[in-house]
Amino acid sequence: METILIAGGTGLIGLELSKIFVEKGYRVRILSRRKLRSKEMEYFVWDVPNAYLEPHALLGVDHIINLAGANIGAQKWTTSRKKVILDSRVQSTQLLYDEVVKQAIPLKTFITSSAVGYYGSITSSQVFAETDQPANDFLGSVCRQWETASLAFQNSGIRTVQIRTGVVLSKKEGALPKMMQPIQMGLGSVLGSGLQYIPWIHLEDICQIYAFAVENEKLVGAYNAVAPQSIQNDAFTHILAQKINKKILLPAIPEWVLKLILGEMSDLVLKGSRVSSNKIQSEGFKFQYENIENALNQLLI
Ligand SMILES: NC(=O)c1ccc[n+]([C@@H]2O[C@H](COP(=O)([O-])OP(=O)(O)OC[C@H]3O[C@@H](n4cnc5c(N)ncnc54)[C@H](OP(=O)(O)O)[C@@H]3O)[C@@H](O)[C@H]2O)c1
């Protein structure tokens with residue numbers, strides 16, 4: 001039986017992913033800033049800014065998945081918030097690496113989350129692939145530094161994978177409930193031009209990609225994790241409204257209004273390009289939810 005440690009495993013992806021690994025028969029450990037308990041998993045505490053990791057958290061661990069990171073959509077991107085967003089990702093990766101080396105853990109795999117923000121907050125006709133360069137904007141720079149930190153594992157001979165995640169759709173948390181709420185209240189509308197792409201992925205598929213990356217030793221390096229069929233904000237908004245029997249009656253919210261309210265964070269909703277899923281599919285990964293209709297049918301039942 002192999003042991004897997006999921007850092008930041010208490011969030012949207014981690015909660016589902018940890019259940020999948022328990023069902024598969026792995027010993028699952030969760031690394032969190034809080035002391036938690038459950039029957040199925042062991043919990044360990046860490047404190048990234050103070051470089052603290054609870055003793056024995058890494059003992060016997062075969063694979064590490066690092067999902068930790070301050071939520072990018074939770075607060076406005078002030079200078080101090082930007083630092084927390086960056087540090088929680090880069091320093092957590094560095095802490096894990098330092099401890100693996102210090103304790104001489106014979107780790108087989110290190111998998112880090114990254115994001116499609118790597119390619120930049122832009123709306124363009126380009127379909128971004130893993131060979132494309134990172135952008136110079138805030139999210140592009142965070143993702144570049146996050147992935148670069150993970151290369152310390154790769155350089156020590158540990159198989160390392162970066163999962164460039166799109167917008168994860170789940171009925172409980174994340175982007176979908178936030179998009180649904182105004183539509184349910186009759187206040188839904190297209191955002192900005194509506195031409196921006198939403199590089200989405202169903203929660204089940206992103207979790208299966210992590211499991212696939214653990215179990216397929218040929219996977220090394222960066223992989224985009226987005227559904228094969230992309231959709232623009234305008235079409236997405238109307239399909240979502242139709243699925244919950246609502247109508248979009250209001251005009252599109254102008255970009256300047258969202259910029260005024262959200263500041264630079266408005267990039268998250270006003271911009272978006274297409275991202276290719278070809279690389280992960282060519283490794284043999286099969287998406288359960290390839291198009292938005294099927295994904296929403298499952299999520300909204
Ligand atoms: N969900 C998406 O749409 C999406 C899209 C692209 C990329 N991603 C990336 O995928 C990863 C997992 O996503 P998720 O949606 O599961 O995220 P999430 O629900 O926000 O959970 C992330 C976890 O990180 C830990 N965390 C938060 N702030 C932290 C800090 N300052 N220092 C250390 N740990 C901290 C928390 O665990 P504790 O409170 O237990 O410590 C939290 O449960 C994240 O890195 C995220 O950026 C997600």
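Which element gives the largest share of the shell around the ligand? Strand S6 does, with three residues. The model is predicted: local features need pLDDT of at least 70, side-chain atom pairs count only at pLDDT 80 or more, and totals for chains, interfaces and linings use all residues. Residues are numbered from 1 along each chain as its sequence is written, and side-chain values use heavy atoms, with hydrogens and water left out.

The protein comprises ten helices and 14 strands. These are DSSP runs numbered from the N terminus (helices: H or I, at least four residues; strands: E, at least two). The radius of gyration is 19 Å, close to the 19 Å given by the globule rule for 301 residues, so the protein is as compact as a globular protein of that length. The radius is taken over C-alpha atoms, and the rule is 2.2 Å times the number of residues to the power 0.38. Along the principal axes, the C-alpha atoms fill a box of roughly 60 × 40 × 35 Å.

The ligand is surrounded by 23 residues, counted as near if a heavy atom lies within 4 Å. The closest are Thr10, Ile13, Ser32, Arg89 and Ser113. The shell divides into nine nonpolar, eleven polar and three charged residues. Ala, Val, Leu, Ile, Met, Phe, Trp, Tyr, Cys and Pro count as nonpolar, Asp, Glu, Lys and Arg as charged, and the others, Gly among them, as polar.

Polar contacts are pairs of N or O atoms within 3.5 Å. A side-chain N or O atom of arginine 33 lies 2.8 Å from a ligand oxygen. Backbone polar atoms also take part: for valine 168 the distance to a ligand oxygen is 2.9 Å, and for a backbone N or O atom of leucine 67 it is 3.1 Å. The protein covers 84% of the 880 Å² of accessible area that the ligand has on its own (Shrake-Rupley method, 1.4 Å probe). Two or more shell residues each come from helix H1 (12-24), helix H2 (79-102), strand S6 (109-115) and strand S9 (167-169).

How values were computed. A polar contact is a pair of N or O atoms within 3.5 Å; within protein, one must be able to donate a hydrogen and the other to accept it, and residues adjacent in sequence count only if both atoms are side-chain atoms.
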